[in-house]
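I opened this entry to keep track of what I looked up, item by item. The sequence and the model come before the notes.

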Amino acid sequence: MAAALHEAARAADEGEVPVGAAVYRLSDGKIVATAHNRRETDADPTAHAEVLALRAAAAARGVWRLEGHGLAVTLEPCPMCAGALVNARIDEVVYGAADPKMGCVDTLHRLCDEPRFNHRMRIIAGVRADEAAEMLRAFFAARRGARRPPKPNPFQI
């Protein structure tokens, strides 16, 4: 999760929503790929941290199937990213802050362990969630210019 949080900070520095991800080998924890959101930079609606990290990991390995790997991400994956995790055959997902608006691992839907899909994975939620949520809150507060009083934190588990 430390690598994912580092990537999230890089995203914020670039004016992107601070979400970071890291793909790692389950056998030894070695990080295979990292990425952060680049939707604004790339003008690409699919340039979420998870998708970019999966692409980089698959390219590094030379295969699209990422069995034996996990992905750590600072924010609960959206439906697109949850679907990509299933399709990539990732075996474990670790996420920080829950996402009440788009989260499709636990919050709105449970796509990563849907029994009708051909692949399911282990889910570990809430890892360093406070740090991930604070990064998101600070980013959006700065964007608003702190004109309004802060809303209750939607990124809580």
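**Entry 1: A138 and helix α5.** I started with A138, which lies in helix α5, residues 129–144. The model is a predicted one, and I read every value below with that in mind. A138 comes out as partly exposed, because its relative accessibility is 41%. I then looked up its distance to P18, 120 residues away along the chain. The two C-alpha atoms are 9.6 Å apart.

**Entry 2: aromatic rings.** I searched for aromatic pairs and found 1 in the structure. The partners are F139 and F140. Their ring centres are separated by 5.1 Å and their planes by 85°, so the pair is classed as edge-to-face, for which the planes must be over 60 degrees apart. I also checked how accessible each partner is. F139 counts as buried, at 11% relative accessibility, whereas F140 counts as partly exposed, at 28%.

**Entry 3: the sheet.** Next I asked in what order the strands of the sheet are arranged. There are 5 strands in an open sheet, ordered β2-β1-β3-β4-β5, and the pairing is mixed. The edge positions belong to β2 (31–36) and β5 (122–125). Each of these has a single partner strand, so one of its sides has no neighbour in the sheet. From one strand to the next, the twist averages 15°. As a reminder to myself, strands of a sheet pair through backbone hydrogen bonds, in either the parallel or the antiparallel sense.

**Entry 4: strand β1 and its partners.** I took β1, residues 20–25, and listed its pairings. With β2 it pairs in the antiparallel sense over 5 bridges. With β3 it also runs antiparallel, and again 5 bridges join the two. A22 stands opposite A72 in β3. The hairpin of β1 and β2 has 5 residues between the strands, and G29 there takes a positive phi near 75°. As for burial, β1 is mostly covered, with 5 of its 6 residues buried.

**Entry 5: strand β3.** I asked how many residues of β3 are buried. The count is 7 of 7, so β3 is largely enclosed by the rest of the structure. Its pairing with β4 is in the parallel sense and spans 5 bridges. One position I noted in that pairing is L71, which stands opposite V93 in β4.

**Entry 6: helix α3.** I checked where α3 sits relative to the strands. It lies across β1, β2 and β3, and it runs at about 145° to β2.

**Entry 7: helix α4.** I looked for the buried residues of α4, which spans residues 79–87, and found C81, A82, L85 and V86. They cover an arc of only 145° around the axis, which places them on the same side of α4. The general rule behind this kind of spacing is that an α-helix has 3.6 residues a turn, so residues three or four places apart point the same way. I then asked what covers these buried residues. The cover includes α3 (49–61), β3 (69–75) and β4 (92–97). After α4 comes R89, which has a positive phi near 65°.

**Entry 8: cysteines.** Last, I checked for disulfides and counted 0 in the structure. C81 is in none, and the nearest cysteine sulfur, in C78, is 3.7 Å away.

Methods. Residues are numbered from 1 along each chain as its sequence is written. This is a predicted model: local features need pLDDT of at least 70, side-chain atom pairs count only at pLDDT 80 or more; totals for chains, interfaces and linings use all residues. Side-chain values use heavy atoms; hydrogens and water are left out. Buried means under 20% relative accessible area, exposed over 50%, partly exposed in between (1.4 Å probe, protein chains only). Helices (H or I, at least four residues) and strands (E, at least two) are DSSP runs, numbered from the N terminus. The arc is that of the directions from the helix axis to the C-beta atoms. Contact means heavy atoms within 4.5 Å. Rings of Phe, Tyr and Trp (its six-membered ring) pair if their centres lie within 6.5 Å; planes under 30 degrees apart count as stacked, over 60 as edge-to-face and the rest as tilted. Two strands pair if DSSP finds at least two bridges between them. Axes are lines fitted to C-alpha atoms, for helices over the stretch in contact, and angles run from 0 to 180 degrees between N-to-C directions. A disulfide is a pair of cysteine sulfur atoms within 2.5 Å.
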